[in-house]
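Please keep the structure open while reading.

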Amino acid sequence: MPALDKILGAMTACNAHRLTFRADAIPQFHTDEGTRPVLKAPLGETALLTYIKELVDSSVADLMDRRQPCSFLYNDYSFSIAFEGGLAVTVEPPGAPSGQTGPTQPQPGSQSARRPKVFQNKIDVLLYTLAERNASDLHLCVGEAPYVRVDGAMSPIDGRDPLTQELLEELLWPICPEKNRKEFEARHDTDFAYQIEGLARYRCNYYMDRKGMGAVFRQIPSEIPTIEQIGIPQQVVDLCWLSKGLVLVTGPTGSGKSTTLAALVDFINRNRTDHIITIEDPIEFVHSSRKCLVNQRQVGVHTESFKKALRAALREDPDIVMVGEMRDLETIAIAIETAETGHLVFGTLHTTTAPSTIDRVIDQFPPDQQAQIRVMLSESLRGVISQNLCKKVGGGRVAVLEILLINASMSNLIREGKTFQIPSIMQTQKAQGNVTLNDALFSLVKQGLVDPREAYVKSVDKAGLRTMYERNKIEFDLDKPA
């Protein structure tokens with residue numbers, strides 16, 4: 001049994017939120033009432049290193065022998081090792097998920113205890129907690145404990161102290177590329193991607209607010225989910241077999257657009273023999289070439305902008321182009337031109353419904369160009385998938401998809417500027433694969449996957465969904481949380 005196990009057990013017993021060791025100083029427990037000594041005498045550096053090496057494998061021991069800073073988990077206790085100014089060790093206890101029950105935390109020295117996990121950067125410990133909590137986002141800001149988003153709801157990580165500016169800088173700067181650090185200093189915000197091998201990738205945003213520095217990490221799974229795992233309908237999968245045209249995946253931030261796009265690109269990668277180019281900011285899901293050749297370009301790293309990368313893509317012999325975000329008029333115009341010239345283009349927009357997406361695209365252009373864009377869009381647009389996420393009954397979240405498939409009658413409405421008629425045509429053409437948002441929400445309610453109140457909150461046409469409830473004798477209390 002490692003010598004430190006008894007100290008870790010005492011740490012839990014006295015509800016300490018931190019344990020600190022310094023070479024040749026008496027170790028201290030840090031509690032809400034203050035500090036208290038752990039031992040009666042100091043531990044020398046040699047003895048302390050010996051005790052810590054009992055907890056780790058040879059790779060971590062080698063880092064310590066070379067006096068390199070490192071972090072690791074032992075039985076869910078977080079250890080941070082530093083050597084600047086002498087050996088210093090900080091230990092923090094495991095944080096149990098708030099309001100959840102589960103298996104009892106393994107005690108130090110037990111056979112069921114988790115093997116140590118080695119991290120090169122201090123932030124990795126928090127990102128591992130993010131994965132353990134099955135959370136989608138990690139939020140860090142001055143004056144607050146770290147927060148995570150689980151199933152759409154924000155909650156602080158238990159047992160964590162509020163973050164200071166100094167601690168945030170220690171966590172954030174070591175993983176920030178130099179280019180992004182300069183961008184942050186100039187603009188006070190920056191985006192980049194970070195990866196922990198074997199765990200996940202992260203889309204990172206650093207920003208400044210009134211308190212100081214802050215950051216948000218969005219977790220991106222290492223493995224791309226399949227269309228079956230996400231539950232993408234067949235009529236959407238069929239769009240992957242098109243030889244040309246524009247397919248838009250829309251929805252608010254955090255609605256799963258990137259995941260759906262990644263699953264569709266992965267399906268093409270596994271089933272076609274083509275050249276795929278993705279343009280992203282930053283690169284999120286990483287695609288390895290399978291049956292297709294896949295090239296992924298990151299804005300700000302491999303190319304200057306979306307529009308320049310998209311223009312250059314026409315000279316790179318692509319069959320499929322995925323545009324991570326269609327932010328401006330010129331990017332949208334080039335995407336439509338690319339789709340018209342014999343390429344299949346996937347793109348995203350931040351719109352809430354499929355019919356409103358068409359108006360949003362057209363309204364991006366000056367009035368004197370809108371008639372021409374209507375014609376081009378009517379000929380190139382093949383489908384719009386508008387996505388949102390609903391809280392699932394019993395925990396988790398489920399995607400709700402509004403699907404608009406463009407046929408001859410839909411093209412005529414776009415060309416003639418009668419997009420306001422599209423929702424009613426979608427209702428009459430359900431057999432062709434069109435699905436309205438209310439129909440998608442109502443289907444999830446009938447399956448028992450989503451609470452009626454949650455679906456009502458997500459609906460855009462609330463009067464229409466309430467009518468569907470009344471016809472089917474579904475009752476819900478709008479004032480009661482789902």
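Contact here means heavy atoms within 4.5 Å. The model is predicted.

H343 sits in the loop between α11 and β18, the latter spanning residues 344-349. Its relative accessibility is 11%, so H343 counts as buried, the cut-off being under 20%.

With neighbours within four places in sequence left aside, H343 is in contact with S243, K244, G245, L314, P318, D319 and T338. The side chain of H343 also makes a polar contact of 3.3 Å with the side chain of T341.

## Packing of α10 and α11

Helix α10 covers residues 306-313, and its axis comes within 9 Å of that of α11, crossing at roughly 20°. Angles under 35 degrees count as roughly parallel, and α10 and α11 are therefore roughly parallel to each other. Their crossing is left-handed.

On the α10 side, the contact is made by F306, K307, L310 and R311. The residues of α11 that take part are E330, T331, I334, A335, E337 and T338. T338 is also among the residues in contact with H343.

In soluble globular proteins, nonpolar side chains tend to be buried together. The largest nonpolar core in this model has 37 residues, and L377, L381 and L404 have the most contacts inside it. Helix α11, residues 329-340, gives the most to this core, with six residues.

Not counting residues up to four places away in sequence, L377 touches L246, I336, I358, V361, I362 and I414. Another core, of 30 residues, lies apart from this one and includes A16, V56, F72 and L87.

How values were computed
Residues numbered from 1 in each chain as written. Predicted model: local features only at pLDDT ≥ 70, side-chain atom pairs only at ≥ 80, totals over all residues. Heavy atoms only, no water. Core = buried A, V, L, I, M, F, W, Y, C linked by side-chain atoms within 4.5 Å. Buried < 20%, exposed > 50% of the residue type's maximum accessible area, 1.4 Å probe, protein only. Helix = DSSP H or I, 4+ residues; strand = E, 2+ residues; numbered from the N terminus. Polar contact = N/O pair within 3.5 Å; in protein donor to acceptor, adjacent residues only side chain to side chain. Axes fitted to C-alpha atoms, helices over the stretch in contact; angles between N-to-C directions. Parallel < 35°, antiparallel > 145°, perpendicular 65-115°, else oblique. Left-handed = near helix turned anticlockwise from the far one by under 90°.
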